[in-house]
Structures are given as C-alpha cells and as structure tokens.
Amino acid sequence: SLDLRGLPPTLEEVAAFVAETRPNAYEALVEDFLRSPHYGERMAVGWLDVARYADTNGYEKDRGRSIWPYRDWVIRAFNNDMPFD
C-alpha cells in the first residue's frame, strides 16, 4: 500500500484482506491498489521531482505559477497506464 499508493492501508482494507479466502487475494489487492487514483499521485512524485515541479517559483517574492496542469497530466498518465513514448 505504501509503495503503490503512498498511503497506509485503512483498517477496513486490512480486515477485508485478513478475511479473504481466495488463493489470489494478494494479486487482487495489488490490482485494487493499481486502480486507485492515489497510485498516479505516488508514481508521479519522482517525475515531478526530476522536472523540478513547484507551484511557486520559490524565490524572493514567491509568486504563484499556473503549472498545475502539467502535474495533473503526469498523474493521469500513470493512472491511465500511458506508454513512456
């Protein structure tokens, strides 16, 4: 959960997994985490760090910038499993 979504599992998710009897319970849980919108947010962190993404210019007057559409595009790209090229 932390690796794929950047969030700990909820108590309900833990209880449901412990009660699960299917032999493919782990794989099903991973698929659920991959479908979470938080997956794209977690995976985008590295890309946005490399691109030096920031909502402000971070210098002196620290004025805001309208770069958030790029951030949202990167997150959607991961959530939609877009190819690298």
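Is the crossing of H4 and H5 right-handed or left-handed? In this predicted model, the crossing of H4 and H5 is right-handed. Helix H4 covers residues 37-50 and helix H5 covers residues 68-79, and their axes come within 8 Å of each other while crossing at roughly 120 degrees. Angles of 65 to 115 degrees would count as roughly perpendicular and those over 145 as roughly antiparallel, and H4 and H5 are therefore oblique to each other.

**The contact between the helices**

On the side of H4, the contact is made by Pro37, Tyr39, Gly40, Glu41, Met43, Ala44, Trp47 and Leu48, and on the side of H5 by Tyr70, Arg71, Val74, Ile75, Phe78 and Asn79. By residue class, the contact of H4 with H5 divides into ten nonpolar, two polar and two charged residues.

The largest nonpolar core consists of five residues, namely Ala44, Leu48, Tyr53, Val74 and Ile75. H4 and H5 are the elements that give two or more residues to this core.

**Alanine 44 and isoleucine 75**

Which residues does alanine 44 touch, not counting residues up to four places away in sequence? Alanine 44, which lies in helix H4, touches Val74, Ile75 and Phe78 when those sequence neighbours are left out. Alanine 44 has a relative accessibility of 0% and so counts as buried, the cut-off for that class being under 20%. Seen from the other partner, isoleucine 75 is in contact with Gly40, Glu41 and Ala44, again leaving aside its neighbours within four places in sequence.

**Pairs separated in sequence**

| Pair | Separation in sequence | C-alpha to C-alpha distance |
|---|---|---|
| Alanine 44 and isoleucine 75 | 31 residues | 5.7 Å |
| Serine 66 and threonine 56 | ten residues | 8.6 Å |
| Leucine 7 and arginine 42 | 35 residues | 8.8 Å |

Serine 66 is found in the loop between H4 and H5, and with a relative accessible area of 65% serine 66 is exposed. Leucine 7 has its place in the loop between helix H1 (2-5) and helix H2 (11-19), where leucine 7 is partly exposed, at a relative accessible area of 32%. Leaving aside neighbours within four places in sequence, leucine 7 is in contact with Ser1, Leu2 and His38.

**Residues with positive phi**

Most residues other than glycine have a negative phi. Against that background, which phi does arginine 52 have, although it is not a glycine? The phi of arginine 52 is positive, at about 55 degrees, and arginine 52 is placed in the loop between H4 and H5. Its relative accessibility is 72%, so arginine 52 counts as exposed.

Aspartate 81, which is likewise a residue other than glycine, has a positive phi near 55 degrees. The place of aspartate 81 is in the segment after H5, and at 66% relative accessibility aspartate 81 counts as exposed.

Notes. Residues are numbered from 1 along each chain as its sequence is written. This is a predicted model: local features need pLDDT of at least 70, side-chain atom pairs count only at pLDDT 80 or more; totals for chains, interfaces and linings use all residues. Side-chain values use heavy atoms; hydrogens and water are left out. Axes are lines fitted to C-alpha atoms, for helices over the stretch in contact, and angles run from 0 to 180 degrees between N-to-C directions. Helices (H or I, at least four residues) and strands (E, at least two) are DSSP runs, numbered from the N terminus. Angles under 35 degrees count as roughly parallel, over 145 as roughly antiparallel, 65 to 115 as roughly perpendicular and the rest as oblique. A crossing is left-handed if the near helix is turned anticlockwise from the far one by less than a right angle, and right-handed if clockwise. Contact means heavy atoms within 4.5 Å. Ala, Val, Leu, Ile, Met, Phe, Trp, Tyr, Cys and Pro count as nonpolar, Asp, Glu, Lys and Arg as charged, and the others, Gly among them, as polar. A nonpolar core is a set of buried Ala, Val, Leu, Ile, Met, Phe, Trp, Tyr and Cys residues joined through side-chain atoms within 4.5 Å. Buried means under 20% relative accessible area, exposed over 50%, partly exposed in between (1.4 Å probe, protein chains only).
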